[in-house]
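Please look through the structure shown below before reading on.

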Amino acid sequence: MKVLVGITASVVLSATASGDILWFNISADGWAPFLDQVADYGYAEQSATDFGSLSDFGITGIDGPVDENTSNAIFNPGDIPFDLAFDSNLNPFGQGGPAGRGPGGNGLVGVGPSGGFGNPSNALAANYFVDSFDIFATNEGGFRAIAFNALSLLGTDSVDLTAYDENEDALGSFGGSAPAGGNWYGAVMTPDQPSIFRMNLYDTGEGAEGVMDVITYVPAPGAIALFGLAGLAGSRRRRS
């Protein structure tokens, strides 16, 4: 499938049986709608991943998954935040969960600006023999919101996006442009619905899809306290 070896308001409510998710095309509409929604729900930034802060990846095939403990040709321990892991996936969009994750050997590829594919920053992508790219939550509660700079190299310059909860139930889908220069997307869960534990990116045109940046959001400490008080008040009302 892959070609690398190295080895208008864009806010859409997707209501499913599993939950309610708001999608944002941040590159098209700016950061304000996304960040305003994040703030309205009491979420705060937990981590930010900028692969551009690392040495140029060149074109380097690597084993997946990768996380905060990974040490290989492009990552050192701590380069990836504690709450994130990345892997390739042998199943295309909408056709399976973690059981389809990549085979390990060069299932991922790091592509730097020097690779000549037009990406302005380092990108981590699914390699040529896998079907899609996964962002995983490794923290206990998952993500309440996530933003990521998506791209697809030598494909259709577009991606289908699907978010999943911890039980691998789909929370909703979205899609759009993902050129080599990148396109920022965001997803926000409503407070009463499940968290995001996996985000799948898939280019149906056989491109090498991936990300250059990822930002995760969780409930702010004050918001957690308020939710706890609200639950306590509710339980007291039920007992009265």
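F51 and F86 are both buried, where buried means under 20% relative accessible area, exposed over 50% and partly exposed in between, with a 1.4 Å probe and protein chains only. The model is a predicted one, in which local features need pLDDT of at least 70 and side-chain atom pairs count only at pLDDT 80 or more, while totals for chains, interfaces and linings use all residues. Residues are numbered from 1 along each chain as its sequence is written, and side-chain values use heavy atoms, with hydrogens and water left out.

**Aromatic rings**

A pair of aromatic rings is described by the distance of the centres and the angle of the planes. Here the rings of Phe, Tyr and Trp (its six-membered ring) pair if their centres lie within 6.5 Å, and planes under 30 degrees apart count as stacked, over 60 as edge-to-face and the rest as tilted. By this rule the count comes to 13 aromatic pairs. In one of them, the ring centres of F51 and F57 are 6.1 Å apart and the planes stand at 55 degrees, so this pair is tilted. F51 has 0% relative accessibility and therefore counts as buried, and F57, at 3% relative accessibility, counts as buried too.

F51 also forms an aromatic pair with F86, and this pair is edge-to-face, with 5.7 Å from centre to centre and 65 degrees between the planes. Because F51 lies in the loop between β3 (43–50) and β4 (59–62) while F86 lies in strand β5 (residues 84–89), the pair ties together parts that are 35 residues apart in sequence. Helices (H or I, at least four residues) and strands (E, at least two) are DSSP runs, numbered from the N terminus. F24, W31, F34, W184 and Y217 form one aromatic cluster.

**The five-stranded sheet**

Five strands form an open sheet in the order β5-β8-β13-β10-β11, with antiparallel pairing; two strands pair if DSSP finds at least two bridges between them. The edge strands are β5 and β11 (170–177), each of which pairs on one side only. On average, and with direction ignored, neighbouring strands of this sheet are turned by 20 degrees against each other, where axes are lines fitted to C-alpha atoms, for helices over the stretch in contact, and angles run from 0 to 180 degrees between N-to-C directions.

Two pairings of β13 are antiparallel: with strand β8 (residues 132–137), strand β13 (residues 198–202) pairs over four bridges, and with strand β10 (residues 158–164) β13 pairs over five bridges. The table lists bridge partners in β13.

| Residue | Bridge partner in β13 |
|---|---|
| I135 | M199 |
| F136 | R198 |
| Y164 | R198 |

How many of the five residues of β13 are buried? Five of the five are, so β13 is largely enclosed by the rest of the structure. In a regular strand the side chains alternate between the two faces of the sheet. In β13, R198, N200 and Y202 point one way and M199 and L201 the other way, and all are buried. R198 lies over the face of Y164, at 4.0 Å from the ring centre; a charge sits over a ring if NZ of Lys or CZ of Arg is within 6 Å of the ring centre and within 35 degrees of the ring normal.

**I135 and its surroundings**

I135 lies in strand β8 and, at 1% relative accessibility, counts as buried. Although I135 and R198 are 63 residues apart along the chain, their C-alpha atoms are separated by 5.6 Å. With neighbours within four places in sequence left aside, I135 is in contact (heavy atoms within 4.5 Å) with residues including L84, F86, F148, R198, M199 and V214.

**Other sites and the whole chain**

D213 has its place in strand β14 (residues 208–219) and counts as buried at 14% relative accessibility. Beyond its neighbours within four places in sequence, D213 is in contact with T49, D50, A147, F148, N149 and W184. Is A39 buried or exposed? A39, which has its place in helix α2 (residues 32–40), is exposed, with a relative accessible area of 53%. A39 and A220 are 181 residues apart in sequence and, C-alpha to C-alpha, 9.3 Å apart in space.

The chain has three helices and 14 strands, and buried residues make up 52% of its 240 residues.
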